[in-house]
Structures are given as structure tokens and as C-alpha cells.
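Dear colleague,

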Amino acid sequence: MSIAQSIINLAVEEAGRAGLMRVAQVRLKVGRMSGVVPDSLAFCWELMTREGPVQGAELVMEEIPIQALCRDCGRRFPVEDFVFLCPSCGSGRTEIIAGRELTLSAITGE
Amino acid sequence: MEIQLERKVLEANDNLARRNREEFRRLGLFVINLMSSPGAGKTTLLERTAGMLKGVLSLAVIEGDIQTTLDADRITRQGVEAVQINTRGACHLEAESVWEAAGSLDLEGTDVLFIENVGNLVCPAEFDLGEEAKVTVLSTPEGEDKPFKYPLMFRLSEALIINKIDLLAHLPFDLAKAREEVRRIQPRIRIFELAALTGEGMEGWLKWLKAGAARAKAASASGRKG
């Protein structure tokens, strides 16, 4: 709920800045490790856009897969099944470089 | 018309968390965001920790768990300053309410501030509160597959407490498998296996807290000099 509300607040702010009267679509990047469950967010979004400033706006979510970087050997690798061990050298000193996104990437309106 | 943007949805919370962190560091506090499912034993862990650290470290607690309204009372009974946040039904704590709650505590001279998050393995992980370390509690009755189902919380945690090990004889919980699962997600995590109710296995956890508190004090002192 509070995520959906944050998205609405940002969309309203950006629409105002761009002089849009109506927001038709909001695009969001959702990392697989963002903690956001797309189905739950879609459900909240539907409830919260039945009225109000972004009434009827569509939410389009682009899922971003998880990528990690090994601090020891420098290898970048896709993370499958949440295994964060480096596939090259086995190191556990890895850092998430993609997949934590929860970013408003575009709004469409008129 | 399409407008391209690049705005973090949680930027407002992230900014407030940064302010919290600066203030906590200035005070030399070791701040822990304590997370788990409902009923994993966060409050019991805090009670036991407070009891065992009496006279050693000065603790304070921000209580955000909505599962019981009596949590703050349980903590206060241990002689620890505690304040309850009314989450108004929210499934997680945010940086703003932590700031307000911290303001109502007297934190001068406090070594460790615990923020007991709402019992939930999903949402609390997404919201930075300005803590120094996230600690997750997993209790043995929950099963060892929890890290795989809720990877973000375990990935972001500095330490994992496997609680209720006194029940291991009665449960299918596989301790070795639990360790292995969580280390796949966060290889550097510290794991403490204990039973907060009986006090069994608490030493490693208490030692870790003392080390964290000492680090926070030292960093604050050198910050003041510099």
C-alpha cells in the first residue's frame, strides 16, 4: 500500500512538472530483489487508482533480473535461485549490481 | 506524451533514513533493525538480552511490532527504556516514525538501540530505517526454507538468529540445511543459534552486540575529533 502511494505521489509530482492534465500510464522498473511482489503491487494499484489524481492509470512493470559482481575476481554473473556465490572463484564477497531497482521510469499522459 | 524518468520510489524514505543514520552515528549508538515473522521471538530475545546485559551495556528499544500491544511493557519491565510506535496497521516501519520515536527517548549514554520491526518477512526489508545492522530472527518451528522464500531480508542481514533451538528435538528443522541455505544468499552472515526463552546459546550474540557497540562508540569519538 505505501509503495503504491509513493508511486502515485511521484507520478502526480512529475505530471505537474510536465504540465500533464491526466496520467494514462506509469512505468516502473521492479528488480527481482526489490522486495516488491508484482501481483500484490498490481492489486494495490488497482484499488488506489479507482479515483483520485491518477484515476484509471495503467501500471506497467518491467522486471529486472538479479546480477552480482564478485569483489575478488571481478566476474559479473546472473543470480539464479538466489545463490550469491561467485560461479568462477566461489567467493562469497559479492555485491548486487542489478535487481534491487524500484524505479519510476516513465509516465505517459496528456 | 511520454516523460522519461529515473526516480527511486522509496527516495523519500531513503533520505530520512540517511538523516537518522547520521544522528545515530553522532550519538555513537549501535542501532539494530530486528526483523522476523510474527512469533519468532523478537520480544523474548530482547527481554533476555536486556536481562543478561544489565550493568554491561545500556539498551533502548523502539517497539514497532503490531502483533501485541504489550511488547513495550515487557521490555520496560527489564529496566530498559522503550517506546512503542503506533504503526496504524502498517506492515513495516518507516524512517520517519523511527525518527519521531527516537526523539522521545533519552539516548545520551545509550549503547545499543534496538528497533523491533513489525513481524513480517517481506515489507520491512525494503525500508531503510537508518540502522547500522539488520538482524533477522528465524525460529525453528518456521522451517528452514524461509530464507529461500524471502531472500531479500536474509541477504541484507548482518546477522541471523536461529531461535528456539530448545525445540529442535521435536521438529523436523534441519540446522545444517538452514545454515547452508542462508549462506548461499548471504555468505558473510553471522549466525547465532540460541533459545531466548531459556538463555541457551546467548553468549555469541551478546559478544557480537558488545563488539558492535564498541565500534559505534569509537567511530563517534574519532568523528568528533576529526
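A residue is called buried if 20 or more other C-beta atoms, placed from the backbone, lie within 10 Å of its own, exposed if 12 or fewer do, and partly exposed in between. Helices (H or I, at least four residues) and strands (E, at least two) are DSSP runs, numbered from the N terminus. This is a predicted model, in which local features need pLDDT of at least 70 and side-chain atom pairs count only at pLDDT 80 or more, while totals for chains, interfaces and linings use all residues. Residues are numbered from 1 along each chain as its sequence is written, and chains are lettered from A and ligands numbered from 1 in the order in which they are written.

In strand E7 (residues 159–163) of chain B, 5 of the 5 residues are buried, so the strand is largely enclosed by the rest of the structure. In a regular strand the side chains alternate between the two faces of the sheet. Here Ala159(B), Ile161(B) and Asn163(B) point one way from E7(B), whereas Leu160(B) and Ile162(B) point the other way.

Strands pair if DSSP finds at least two bridges between them. Strand E6 (residues 133–139) of chain B runs parallel to E7(B) and is joined to it by 5 bridges, with Ser139(B) standing opposite Asn163(B). E7(B) also pairs in the parallel sense with strand E8 (residues 190–193) of chain B, over 4 bridges, and there Glu193(B) is the bridge partner of Ile162(B).
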